[in-house]
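Have the coordinates open and follow along.

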Amino acid sequence: MSFAAELQKACDRAKDRAVETVRLTALGVHAGMARRAPVSDEEGHPGGRLKSNFQVGIGSINTATNAPAGSDPAPAAAAALATWRPGQTIWVTNSLPYARVAEFGLYGKPPGSANGPKTVGGYSSQAVGGFVRLTAQDFAQSFRRAALAAKK
């Protein structure tokens, strides 16, 4: 095999590993957000619905909110990421109307009104520090794990 062919083969392998690293990183971010999201059992907010409605969009935001409570969002995320190509934007989102409140607390409420048996200062007692923000802080670690997995 010629030097040029060997070099091309090495470049192709590197590109494949890079694509796999991006996909695995996005899956890790998606899983981290869903895993950390609080579960509500209150009326009108079925337990697990927030966790189940983390979506992956390729090139545009996936605004779907129809995943049933308790369903696993990972297979749909993996299927969407299988279509990703370099240069496309990957969106990991949750479009449920209360996702923002679950992440950031009950802004605009009178002091004390947001406290109860399941809240602390307007934040879910299950995710006082948020779930999206905490996952974003772990991005570098998710990337390292994905890069190691793609090497294998």
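In which hand, left or right, does H1 pass H3? Keep in mind that this is a predicted model. The crossing of H1 past H3 turns out to be right-handed. Their axes come within 10 Å and cross at roughly 155 degrees. An angle over 145 counts as roughly antiparallel, and H1 and H3 are therefore roughly antiparallel to each other. On the H1 side, the contact is made by Arg-23, Ala-26, Leu-27 and His-30, while H3 brings Ala-74, Ala-77, Ala-78 and Leu-81.

Now look at H3 by itself, which spans residues 74-81. Its buried residues are Ala-77, Ala-80 and Leu-81. What sits over them? The cover includes H1, along with strand E1 (55-58) and strand E2 (90-93).

Next up, the nonpolar cores. The largest one has 11 residues, among them Val-29, Met-33, Leu-50, Phe-54, Tyr-98 and Phe-131. Helix H1 (3-36) and helix H4 (99-104) each put at least two residues into this core, and the largest share, 3 residues, comes from H1. There's also a second, separate core of 5 residues, which includes Ala-26, Val-56, Ala-77 and Leu-81.

Finally, zoom in on Ala-34, a member of the largest core. Setting aside neighbours within four places in sequence, Ala-34 is in contact with Lys-51, Phe-54 and Pro-73.

Terms used: Residues numbered from 1 in each chain as written. Predicted model: local features only at pLDDT ≥ 70, side-chain atom pairs only at ≥ 80, totals over all residues. Heavy atoms only, no water. Core = buried A, V, L, I, M, F, W, Y, C linked by side-chain atoms within 4.5 Å. Buried < 20%, exposed > 50% of the residue type's maximum accessible area, 1.4 Å probe, protein only. Helix = DSSP H or I, 4+ residues; strand = E, 2+ residues; numbered from the N terminus. Contact = heavy atoms within 4.5 Å. Axes fitted to C-alpha atoms, helices over the stretch in contact; angles between N-to-C directions. Parallel < 35°, antiparallel > 145°, perpendicular 65-115°, else oblique. Left-handed = near helix turned anticlockwise from the far one by under 90°.
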